[in-house]
Amino acid sequence: MQSEFIKSAFYPKDFPVHELPEVCFVGKSNVGKSSAINTLINRKDLARVGKTPGKTRLLNFFSIKTKELHFVLVDLPGYGYAQVSKKEREEWKKSIENYLKLRSNLKLVVFILDIRRDPDEQDEVMFNWLKAYNKDFVLLLTKSDKLSNNEIAKRLRELYAHPMVSSENCIIFSSLTKRGRDELYQKIIEYCNK
Ligand code: GDP
């Protein structure tokens, strides 16, 4: 798998122009988004680029080339930082919403949740956008290594009570053990070829 950083951008006019399918990763800050991206592409540090100070609000575009597929992976800025101002938070929302609204080659949204936590208010905002803009998504329930199999089964039952969560759109994931990595990769291939 070949992966390469393309660019960071904030405004839609600066997004890279290409014909490739796109897959974006979204989630709260610290949920494990960078780790999940690095696990998917078998790299230790690629997604760290979004973590340099002053760059956390940018969208990061990567070219990912495998035997089966050439696609663009987009790391959307993590939301929910406690220490940012209201204005910054609004800007963030706008840029993520704009991306979801405008990017016509977006094939799949990988929405990352900590398997141990229920979706919170900001995750709900994301759910509402996915519904409003009719986006295909998969829920990556990460940090599953922190739970036993019994605890995972219990959490799944609880999460399935949420209207956006079902057994069809969830992947139990761990960046530590790589559980779910191949399932995620297959999902991406499936949606990029649709
Ligand atoms: P991001 O802010 O969403 O990009 O989160 P990071 O990928 O930087 O992860 C935040 C913290 O969670 C780090 O300390 C990671 O080592 C840890 N982490 C991320 N994924 C996993 C996982 O699957 N299992 C465990 N045990 N820890 C994880």
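## Loops, cores and cysteines in a predicted model

Student: Where does K143 lie?
Tutor: K143 is in the loop between β6 (137-142) and α4 (149-159). Keep in mind that this is a predicted model.

Student: What is phi of K143 near?
Tutor: Phi of K143 is near 65°, which is positive in a residue other than glycine. Most residues other than glycine have a negative phi.

Student: Is K143 buried or partly exposed?
Tutor: K143 is partly exposed, as its relative accessible area is 22%.

Student: And N42, where is that found?
Tutor: N42 sits in the loop between α1 (33-40) and β3 (59-65). Phi of N42 is near 55°, again a positive value in a residue other than glycine. N42 counts as exposed, with a relative accessible area of 52%.

Student: Back up a bit. How many helices and strands does the chain have?
Tutor: There are five helices and seven strands. Read from the N terminus, the order is β-β-α-β-β-α-β-α-β-α-β-α. The radius of gyration is 16 Å, close to the 16 Å that the globule rule gives for 194 residues, so the chain is as compact as a globular protein of that length.

Student: What box do the C-alpha atoms fill?
Tutor: Roughly 45 × 45 × 30 Å, taken along the principal axes.

Student: What share of the contacts joins residues at least 24 apart?
Tutor: Among contacts between residues at least 6 apart in sequence, 74%.

Student: Now the interior. What percentage of the residues is buried?
Tutor: Of the 194 residues, 52% count as buried. In soluble globular proteins, nonpolar side chains tend to be buried together.

Student: Which residues have the most contacts inside the largest nonpolar core?
Tutor: C24, Y99, L100, F111, M126 and L139, in a core of 33 residues. Apart from that core lies another, of 26 residues, including A36, L46, I112 and I171.

Student: What does Y99 touch?
Tutor: Leaving out residues up to four places away in sequence, Y99 touches F15, E22, C24, L59, F61, V74, L76 and L106.

Conventions: Residues are numbered from 1 along each chain as its sequence is written. This is a predicted model: local features need pLDDT of at least 70, side-chain atom pairs count only at pLDDT 80 or more; totals for chains, interfaces and linings use all residues. Side-chain values use heavy atoms; hydrogens and water are left out. A nonpolar core is a set of buried Ala, Val, Leu, Ile, Met, Phe, Trp, Tyr and Cys residues joined through side-chain atoms within 4.5 Å. Buried means under 20% relative accessible area, exposed over 50%, partly exposed in between (1.4 Å probe, protein chains only). Contact means heavy atoms within 4.5 Å. Helices (H or I, at least four residues) and strands (E, at least two) are DSSP runs, numbered from the N terminus. The radius of gyration is taken over C-alpha atoms; the globule rule is 2.2 Å times the number of residues to the power 0.38.
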